[in-house]
Number of protein chains: 2
Amino acid sequence: MLRSIMLVVAYDGTNYCGWQSQTNGLSVQEKIENACKEKFKQKVIVRGCSRTDAGVHAEHQVVAIQVDTDITIEKIPLMLNSSLPNDIVVKYAKYVPLNFNPIRDTKYKIYRYSILNTDIRVPKMMRYAAYYYKTLDIKLMRQAAKFMIGTHDFKAFCSSEKATKTTVRTIYDIQIKNEKNNIINIYVKGNGFLHHMVRIIAGTLIKVGEKTIDKNKIKNIIDSMERKNAGPTAPPEGLTLEYVSYDE
Amino acid sequence: MLRSIMLVVAYDGTNYCGWQSQTNGLSVQEKIENACKEKFKQKVIVRGCSRTDAGVHAEHQVVAIQVDTDITIEKIPLMLNSSLPNDIVVKYAKYVPLNFNPIRDTKYKIYRYSILNTDIRVPKMMRYAAYYYKTLDIKLMRQAAKFMIGTHDFKAFCSSEKATKTTVRTIYDIQIKNEKNNIINIYVKGNGFLHHMVRIIAGTLIKVGEKTIDKNKIKNIIDSMERKNAGPTAPPEGLTLEYVSYDE
């Protein structure tokens with residue numbers, strides 16, 4: 001019987017060209033397609049809710065597969081994990097209605113951007129955080145972030161190459177936390193994100209923390225709708241897709 | 001003026017053939033030699049206190065260099081770090097007597113062996129812990145570890161290929177800690193370690209935790225002096241050189 005299954009997938013994106021299958025490297029999607037083909041003995045279409053870029057990680061990528069199977073749902077994660085490489089894992093699976101669409105049905109997403117902020121870098125963290133040795137002023141970053149919350153045209157925070165129909169998005173919240181081991185985590189919760197949007201937000205907030213962009217300029221940067229006015233695109237290793245919700 | 005400098009170095013061993021320069025791959029030692037050559041403009045002999053194997057990590061490798069320099073000691077870590085790759089870092093430097101020998105002068109070393117013990121693996125931990133999905137009985141592992149503490153001939157816990165003059169070593173302590181995120185850390189403190197000794201200790205304790213080696217057999221295994229009676233050599237990614245002391 002054809003069924004739709006939602007998988008919650010985590011991965012270390014270091015060795016991948018990103019979520020989506022491309023010609024120039026290994027994708028996470030391809031690895032999951034191959035594991036599904038091997039275990040379900042059929043071609044399975046795999047759709048992810050977020051096209052994470054090369055080097056970006058996920059704690060909670062939501063993946064929909066349609067497959068003709070009667071396997072007990074609890075067995076599916078371990079079954080697929082035995083065919084997946086160590087840096088990809090299915091954490092959880094559940095049956096969902098056949099018309100479930102992981103992109104359209106999303107209510108909100110949370111991305112985490114992690115910064116290692118210390119003068120002596122930490123080798124084991126370098127794949128999972130962006131490294132900045134200059135001390136960042138978190139208070140200024142928090143004040144700047146407030147100007148980003150709300151519904152805005154985020155064209156200034158979008159890579160020009162992949163423009164979409166509308167560049168209006170809603171950011172529900174930005175939390176900046178000073179964690180142990182010199183990690184600063186920026187959590188961005190929104191209804192959807194433009195290409196590189198979280199990394200440009202992080203790059204801009206880092207410039208505010210370094211005092212090279214004034215916190216009061218954020219509104220002007222948004223209003224300008226000019227990519228060049230925002231900060232740089234922060235590197236991919238700092239970014240993790242943290243959570244995706246399908247409930248209001 | 002020729003001076004001896006002690007460097008405390010941390011590294012992620014994933015991409016290296018180990019500490020020591022070899023013909024078959026990049027070594028950490030070589031990277032530090034190259035950084036020293038670049039910054040001090042002279043050939044510098046670099047000696048480490050522990051020859052960690054391929055894939056093994058260090059939080060605190062002690063390295064001695066002899067170099068003709070008058071640079072302020074506080075500037076040396078940042079100077080060398082700017083020539084080192086991201087996965088190697090000099091945490092600290094100090095001048096030591098010219099006759100300082102990082103191997104001979106060691107008082108004790110602490111290694112940590114990390115195990116990720118959960119049915120769903122964690123991608124970001126796979127480079128830094130050995131993964132075991134079967135639940136390990138930590139109480140049994142602690143009881144077994146007690147039989148290892150003390151001065152023994154550890155021939156049964158040494159890779160046969162690299163036999164040394166004496167295989168007698170003293171283990172001062174073994175602590176097994178149940179940490180958060182399903183990590184079990186085994187800390188082994190001793191006056192010196194044979195080739196693969198900590199990984200064979202870990203592999204043996206894992207077998208005890210899985211209940212495939214009886215905790216009361218440890219004394220017999222040691223007394224047998226036969227490598228085949230101990231457990232397997234646990235994989236390198238779980239091992240970290242945690243600390244080396246030069247004080248009593």
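Helix α4(B) is mostly tucked away, with 12 of its 13 residues buried (under 20% relative accessible area with a 1.4 Å probe, protein chains only). Among the buried ones are Met197(B), Arg199(B), Leu205(B) and Gly209(B). The helix, a DSSP run of H or I with at least four residues, covers residues 197-209 of chain B and reaches 18 Å from first C-alpha to last, close to the 18 Å expected at 1.5 Å a residue (1.5 Å times one less than the number of residues). After α4(B) comes Lys211(B), with a positive phi near 70 degrees.

This is a predicted model, where local features need pLDDT of at least 70, side-chain atom pairs count only at pLDDT 80 or more, and totals for chains, interfaces and linings use all residues. Residues are numbered from 1 along each chain as its sequence is written, chains are lettered from A in the order in which they are written, and side-chain values use heavy atoms, leaving out hydrogens and water.

Turning to the interface, 29 residues of chain A are in contact with 29 of chain B (heavy atoms within 4.5 Å). Together the two chains bury about 2200 Å², 53% of it on carbon and sulfur atoms; buried area is the accessible area (1.4 Å probe) lost on putting the two parts together, summed over both. Arg121(A), Lys124(A) and Arg127(A) supply 34% of what chain A buries against chain B, more than any other three residues.

Two salt bridges link chain A and chain B (a Lys or Arg side-chain nitrogen within 4 Å of an Asp or Glu carboxyl oxygen). Asp12(A) pairs with Arg127(B) in a salt bridge, the closest N and O atoms being 2.7 Å apart.

Conventions. Helices (H or I, at least four residues) and strands (E, at least two) are DSSP runs, numbered from the N terminus. Buried means under 20% relative accessible area, exposed over 50%, partly exposed in between (1.4 Å probe, protein chains only).
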